[in-house]
Amino acid sequence: MNIQVFSEKTGIPKSTLRFYEEKALLVPIRNKENGYRLYTDAQVELAKLIASLRLINVPLKEVQQYVASAESERQNMRRKWMETIRRQLDLLNLQLKFLDSNPNEEIFLMEKETERILWFSAEERQGRFAKFFKLGREELEKHGVKISHSYLKHVSGRQNVRAMIGFGIANHHDVSEISFFEVEEQLSKSLCVATYFRGNFTAIEDAYQSLIKYIVLNNYAPAGPIMEMYQGEQLDAVTIFMPVMKLGGE
C-alpha cells in the first residue's frame, strides 16, 4: 500500500511515517518505476508499536534499540520503563500533595544532590554546637580538604543533645589518613521537605516541631533522617530538611 493508505490504516500522519523512515525505524520498499513508498500489511503492527512507544515518551534511541532487540531484551526494557513511570507518578503525587497542603512560606520543597559526607559524634546543650563545626572544619582544612556544606543529624536528647556533625566533601579527596572522623556516608539524591531557621539557636526545636508537624499531618513518608544543613562557614542560619523521596534510582 502507498503512504496515504498506510497512514489511514495506522492512524499515523504521513510526516511521522517519513520521520520513522529517516530514523530507520520503519523503512518502506520503493516502487522501482516511480520511487513511491510502499508498505506491507506486516508493517502495520510495527508502526503502531513505534507510535505507542513514542506516545509514552520512550526516547528515540531506546525505541530503535527495542525494535531491533530479541524478546528477552524487550522484557528488560519494558520493566525499566515501567519503573521509570512509577517513579514519575510518585513524584507527581508528592508535588500534588505539597500544593494541596497549602503550606505557609516557612515550608518548602528542596532537591538535595548526592553528596559524600564525613561524620563525627558530639554532645552538647541544644543550639550550642558551633564549636564542633569549627573543630571539624579546621581538621579538614589542615589536610587541604574543601567543604561544600556542614550538617547536624540529631541522635537523641532534647536539652542535652547527642548528634552527628558532618561535612560534605568532593569525591576525589583521599581522607584515609584523617582519623578524626568516625563515619563516611554517600548521601543519596532526594526530594526533601524543608524549613529555614535564623535566630536564637537555643529555640531551634520550634522549627523542628513545625517541620515534623507538617510532615505528619500531610502523611509524607520519610526517606531519611531529619538534618540541619549549613552553607559554607555560615552558622547563624540553617536549612532543616527531611528526605521524602529518593531520586535518581538510588
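1. **Ground rules.** This is a predicted model, in which local features need pLDDT of at least 70 and side-chain atom pairs count only at pLDDT 80 or more, while totals for chains, interfaces and linings use all residues. Residues are numbered from 1 along each chain as its sequence is written, and side-chain values use heavy atoms, with hydrogens and water left out.

2. **Two loop residues with positive phi.** A24 is not a glycine, yet its phi is positive, at about 60°. A24 sits in the loop between helix 2 and strand 1 (29-30); helices (H or I, at least four residues) and strands (E, at least two) are DSSP runs, numbered from the N terminus. With 59% relative accessibility, A24 counts as exposed. N57, another residue other than glycine, has a positive phi near 65°. N57 belongs to the loop between helix 3 (42-55) and helix 4 (60-68), and its 67% relative accessibility makes it exposed too.

3. Helix 1 (residues 3-10) packs on helix 2 (residues 14-22) at about 105°, with the axes 9 Å apart. Axes here are lines fitted to C-alpha atoms, for helices over the stretch in contact, and angles run from 0 to 180 degrees between N-to-C directions. The two helices are therefore roughly perpendicular (65 to 115 degrees; under 35 is roughly parallel, over 145 roughly antiparallel, and the rest oblique). I3, Q4, F6 and S7 of helix 1 meet K14, L17 and R18 of helix 2, where contact means heavy atoms within 4.5 Å. By class, this contact has 3 nonpolar, 2 polar and 2 charged residues (Ala, Val, Leu, Ile, Met, Phe, Trp, Tyr, Cys and Pro count as nonpolar, Asp, Glu, Lys and Arg as charged, and the others, Gly among them, as polar).

4. An open sheet is built from 8 strands in the order 3-8-10-9-5-6-4-7, with antiparallel pairing; two strands pair if DSSP finds at least two bridges between them. Strand 3 (107-112) and strand 7 (183-187) are at the edges with a single partner strand each, so one side of each has no neighbour in the sheet. From one strand to the next, the twist averages 35°.

5. Strand 5 (residues 147-156) and strand 6 (residues 160-169) are antiparallel partners over 7 bridges. S150 has F167 in strand 6 as its bridge partner. Helix 6 (residues 130-142) lies across strand 4 (115-125), strand 5, strand 6 and strand 9 (227-231), at about 30° to strand 6.

Note on methods: Buried means under 20% relative accessible area, exposed over 50%, partly exposed in between (1.4 Å probe, protein chains only).
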